[in-house]
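This briefing collects computed features of the structure shown below, grouped by topic. Please read it with the sequence and the coordinates at hand.

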Amino acid sequence: MAKVYAISFHSGGQVHELEADSPADIASGWDLSLEGVEIFVNEDKAQVSTDLRDGDYVSFQRDKVTSGSDCIVALALDSQ
C-alpha cells in the first residue's frame, strides 16, 4: 500500500494521511458515494482504480456545483 494524502469535501476539506492502493480503497474506507464526484491524483483527473504511489495527493471533488453554498475543495500541490 502507498502512503498518500487525501482530501474531500465529504471530510470538511481536511487533508488526511493514509495508506491505500487506489482511490477506491479511500472511498470504501470513508464510505463515500462517488456519484457526481471527480477524482484527482496529484493534478490529473483519475479513475477510481488508479494505482497510487507514495506521496500522491488524492482529492474527491464534486463534478458540478449547483449553488453558491456548495464548496469544492481546492488542493494546492507543491512539486517535490
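Predicted model: local features only at pLDDT ≥ 70, side-chain atom pairs only at ≥ 80, totals over all residues.

E17 forms a salt bridge with K3, in which the closest N and O atoms are 2.9 Å apart. Because E17 belongs to strand β2 and K3 to strand β1 (residues 2–8), this pair ties together parts that are 14 residues apart in sequence.

**Salt bridges and their exposure**

- The count of salt bridges comes to two, and besides the pair of E17 and K3 there is a salt bridge between the side chains of E38 and K45, at 3.3 Å from N to O.
- K45, by contrast, counts as exposed, because its relative accessibility is 57%, which is over the 50% limit.

**Overall layout**

- Read from the N terminus, the elements of the chain follow the order β-β-α-β-β-β.
- Of the 80 residues in the chain, 34% are buried.
- When contacts between residues at least 6 apart in sequence are considered, 45% of them join residues that are at least 24 apart.

**The sheet**

- The five strands form an open sheet with mixed pairing, and their order across this sheet is β2-β1-β5-β3-β4.
- The edge strands are β2 (16–20) and β4 (44–46), each of which pairs on one side only.
- Neighbouring strands of the sheet are turned against each other by 40° on average, with direction ignored.
- In general, the strands of a sheet pair through backbone hydrogen bonds, and they do so in either a parallel or an antiparallel sense.
- Strand β1 runs antiparallel to β2, to which it is joined by five bridges, and within β2 it is A20 that stands opposite A2.
- β1 also pairs with β5, here in the parallel sense and over four bridges, and V58 in β5 stands opposite A6.
- Strand β3 (residues 37–41) and β4 run antiparallel and are joined by three bridges, with D44 in β4 as the bridge partner of V41.

**Burial and the nonpolar core**

- β1 is mostly covered, as five of its seven residues are buried.
- In soluble globular proteins, nonpolar side chains tend to be buried together.
- The largest nonpolar core holds 16 residues, of which V4, L18, A20, I26, L52, V58 and F60 touch the most other members.
- At least two residues of this core are supplied by each of β1, β2, α1, β3 and β5.
- I26, with its neighbours within four places in sequence left aside, is in contact with V4, A6, L18, A20, L52, V58 and F60.

- S59 is found in strand β5 (residues 57–62), and it counts as buried because its relative accessibility is 3%, which is under the 20% limit.
- The side chain of S59 makes a polar contact, at 3.3 Å, with the side chain of Q61.

**Positive phi angles in loops**

- D31, although it is not a glycine, has a positive phi of about 55°, and its place is in the loop between α1 (23–30) and β3.
- With a relative accessibility of 71%, D31 counts as exposed.
- N42 is likewise a residue other than glycine with a positive phi, near 60°, and it is found in the loop between β3 and β4.
- N42 is partly exposed, its relative accessible area being 29%.

Definitions and conventions: Residues numbered from 1 in each chain as written. Heavy atoms only, no water. Pairing = 2+ DSSP bridges. Axes fitted to C-alpha atoms, helices over the stretch in contact; angles between N-to-C directions. Salt bridge = Lys/Arg side-chain N within 4 Å of Asp/Glu carboxyl O. Buried < 20%, exposed > 50% of the residue type's maximum accessible area, 1.4 Å probe, protein only. Polar contact = N/O pair within 3.5 Å; in protein donor to acceptor, adjacent residues only side chain to side chain. Core = buried A, V, L, I, M, F, W, Y, C linked by side-chain atoms within 4.5 Å. Contact = heavy atoms within 4.5 Å.
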